[in-house]
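Please read this briefing alongside the sequence and the coordinates.

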Amino acid sequence: MDLRKMKDDDKLDLCRKYYLGGFALLPFLWFINFVWFFKEAFRRPAFEQQKQIKSYVIQSIIGTSVWIALITAWVVIFQLNRASWGATADYMSFIIPKGVS
C-alpha cells in the first residue's frame, strides 16, 4: 500500500483501524501501524490530522513494547520452570521433551 496516494483523512482512518485492531490481541498490527505511519506522524510537515496520527503511533509502539515484554517474561518463566511444574506444564506444551536435565 502506498500511503502517498491516500488522502489525509483516509490515512487517519486506516491508522485508527490498525490501532484498534491491536486491542483484539493482535499486537503485530500495532507494530505495523508504527512502521507505516512513523513518517506521517513525525517527519512530514504539519497537517490537520497529524496530531491524532502521532497519538496513535506513540500508543502503538507502547502497546507493542508491553506485549513483547509480557511474552518474553512468560517464555523465560515457562522455560525455567517447565520441569518443576510437572503435568501442568506438559498440558501447556505442544512438544514434550523427554526427561529432565
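Accessible areas come from the Shrake-Rupley method with a 1.4 Å probe, and for residues only the protein chains shown count as cover. On that basis the chain exposes about 7500 Å², with carbon and sulfur atoms supplying 65% of it. This is a predicted model, in which local features need pLDDT of at least 70, side-chain atom pairs count only at pLDDT 80 or more, and totals for chains, interfaces and linings use all residues. Residues are numbered from 1 along each chain as its sequence is written, and side-chain values use heavy atoms, leaving out hydrogens and water.

**Fold and dimensions**
- The chain holds 4 helices and 0 strands, where helices (H or I, at least four residues) and strands (E, at least two) are DSSP runs numbered from the N terminus.
- Along the principal axes, the C-alpha atoms fill a box of roughly 60 × 20 × 20 Å.
- The radius of gyration is 20 Å, while a compact globule of 101 residues would have one near 13 Å; the value is taken over C-alpha atoms, and the globule rule is 2.2 Å times the number of residues to the power 0.38.

**Burial**
- Of the 101 residues, 28% count as buried, meaning under 20% relative accessible area (1.4 Å probe, protein chains only).

**Cys15**
- Cys15 belongs to helix H1 (residues 8–22).
- Cys15 counts as buried because its relative accessibility is 0%.
- Not counting residues up to four places away in sequence, Cys15 touches Asn33, Phe37, Ile53, Tyr56 and Val57, a contact being heavy atoms within 4.5 Å.
- Cys15 and Trp30 are 9.4 Å apart, C-alpha to C-alpha, and 15 residues apart in sequence.

Definitions and conventions. Buried < 20%, exposed > 50% of the residue type's maximum accessible area, 1.4 Å probe, protein only.
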